[in-house]
Amino acid sequence: MESVAAGSPSVGASLSSSSSTVLQLLLPMVVLVYVVVQTVVRRRMNTCTAPLPPGPMPWPVVGNLPEMLLSCKPAFRWIHHVMERTGTGIACVKLGGVHMQDTNFASRPLTFASETFSRGYMAAIMAPYGDQWRKMRRVLTSEIVCPSRHKWLHDKRADEANNLTRYVYNLAGAGSGGAVVDVRHVARHYCGNVVRRLVFGTRYFGEPQADGGPGPLEVQHVDAAFASLGLVYAFCVSDYLPWLLGLDLDGHQKMIREANEMMTRLPGVLIDDRWRQWKSGEKQGLEDLLDVLITLEDAEAKPVLTIEEVKALSQDITLVAMDNPSNAVEWALAEMVNSPETLKKAGEEIDGVVGRDRLVQESDIPRLNYLKACIREAFRLHPVVPFNVPHVALADATVAGYHIPRGSHVILSRIGLGRNPAVWDDPLCFDPDRHVPADPTADVTLTENDLRFISFSTGRRSCIAASLGTAMSVMLFAGSRHDIFMARPLVLHAEPRLPSHFYSATSM
Ligand code: HEM
């Protein structure tokens with residue numbers, strides 16, 4: 001098995017050295033947490049002599065669940081707390097009949113939420129390792145995010161970037177001196193717009209809005225996506241004590257069903273109709289990704305995907321494209337408000353590369369190194385979630401001298417990696433220059449293959465959409481240059497950079 005820890009040579013190195021005095025002193029933040037869940041505790045008669053990673057002593061049957069629940073902390077805080085208390089960069093926690101520790105491999109855990117949001121593991125992100133995952137990942141990489149498709153969809157993305165600047169311009173008072181803008185709202189809806197435009201060919205499920213902003217149905221769609229993202233790998237007691245499933249003691253299952261209902265209703269109607277149009281011969285000619293998915297054929301001209309698979313993949317794409325770009329840009333701007341020097345540098349770069357007689361375009365991205373460095377820094381310091389999407393160990397392994405049993409769930413701490421003092425000088429300081437190479441001709445990218453922090457991750461389950469993710473993040477960032485103050489969610493005082501005719505209407 002290819003180790004997802006392609007970053008692991010360096011990860012491994014930092015783990016091995018994590019016992020050093022320096023790290024023990026500097027470990028108020030967790031360097032690295034892999035949480036491994038083993039659903040069946042197997043007492044093995046094997047030859048493995050490596051110990052499990054250190055962790056709190058588990059109770060019979062329920063493991064460390066009582067301690068975690070009684071701590072009244074969110075699960076991720078409790079895990080980080082355990083790591084800190086144990087003074088370790090790799091820990092093993094047992095939840096129910098489950099071990100949590102540190103490694104990374106190519107499957108995903110089976111949970112009530114992931115099963116619901118993936119229509120029974122029909123799509124790619126949440127599917128366990130196997131044929132269905134392989135099929136869907138292949139469809140995505142060869143048909144949805146491949147370079148030719150990325151080019152094909154360029155004008156739709158450009159239109160959404162223009163709409164973003166127009167919407168911000170309108171929110172900022174349309175040239176009348178600027179106004180307060182809710183950056184989170186703008187950023188999330190830009191991502192929602194791009195997804196709907198690429199997948200369904202439309203910015204609006206409902207009535208188009210004159211100012212370029214979302215209507216009630218688009219607000220509903222984006223809210224449902226974020227609700228789903230918040231629930232998908234949230235701690236749910238019945239995932240660890242399956243005999244509680246159905247009782248829904250913590251109300252988690254009800255919330256998941258409701259979020260999923262909201263998430264699927266509007267796209268579902270559209271997909272049903274489009275499916276009918278293609279199957280009846282009413283529609284011809286590919287216009288968006290939904291058309292691509294519906295019309296995919298294998299070598300014998302048989303449809304590759306069922307309508308259920310089309311729905312599941314559309315939902316996958318919607319979920320993955322929303323949170324990372326919007327969160328990174330909101331944080332980058334928030335940090336830059338407190339660091340006028342970085343804001344000035346970013347503005348100077350845009351003026352130097354783009355000038356003042358047009359808007360930023362995707363073709364500028366290779367030359368916007370400082371902007372990309374700011375986004376990288378936001379990914380490092382302010383990940384959208386504390387842990388990476390969980391992985392499952394497919395075979396026994398040894399990591400940093402510790403035994404990781406097959407079937408273990410593996411969680412990598414994004415916070416621990418990005419703020420690791422052994423890797424980053426002054427890790428809590430927002431300093432984009434740390435990502436700017438000495439060679440001015442070198443390209444800054446948002447990918448981080450050495451896992452010194454997590455952006456698109458690496459290995460078999462890594463993100464497949466670095467080009468699309470980069471384009472969305474940079475265009476969102478570049479389209480929101482502001483003079484500023486901050487609140488929660490981030491609100492900024494926005495003023496147009498260019499004359500008003502640059503912000504005129506775009507198509508819907
Ligand atoms: C800035 C934007 C994005 C970032 C930072 C990002 C990051 C990530 C990360 C961290 C993972 C988990 C990797 C792991 O398990 O180790 C992931 C998985 C994935 N991402 Fe992205 N993503 C972005 C945008 C997108 C977009 C727009 C798509 C659209 C198709 C996408 C498709 C996927 C898929 C399909 C997976 C699951 C791969 C698998 O499990 O085999 N991502 N992404």
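Helix H16 covers residues 369-381, and its 13 residues at 1.5 Å a residue should span 18 Å; the end C-alpha atoms are 18 Å apart, which agrees. The expected span is 1.5 Å times one less than the number of residues. Helices here are DSSP runs of H or I with at least four residues, numbered from the N terminus. Because 13 of the 13 residues of H16 are buried, H16 is largely enclosed by the rest of the structure. Buried means 20 or more other C-beta atoms within 10 Å of a residue's own, exposed means 12 or fewer, and partly exposed lies in between, with C-beta atoms placed from the backbone.

This is a predicted model, in which local features need pLDDT of at least 70 and side-chain atom pairs count only at pLDDT 80 or more, while totals for chains, interfaces and linings use all residues. Residues are numbered from 1 along each chain as its sequence is written.

The shell around the ligand holds 26 residues, of which Asn324, Ser457, Cys463, Ala465 and Gly469 come nearest; a residue belongs there if its C-beta atom, placed from the backbone, lies within 6 Å.

H14 gives the largest share, 6 residues.

Cys463 lies in the loop between helix H17 (414-418) and H18. UniProt, in an unreviewed entry, places the feature "binding site" at Cys463; such annotations may be inferred rather than shown by experiment. Cys463 counts as partly exposed because it has 18 C-beta neighbours inside 10 Å.

Conventions:
Helices (H or I, at least four residues) and strands (E, at least two) are DSSP runs, numbered from the N terminus.
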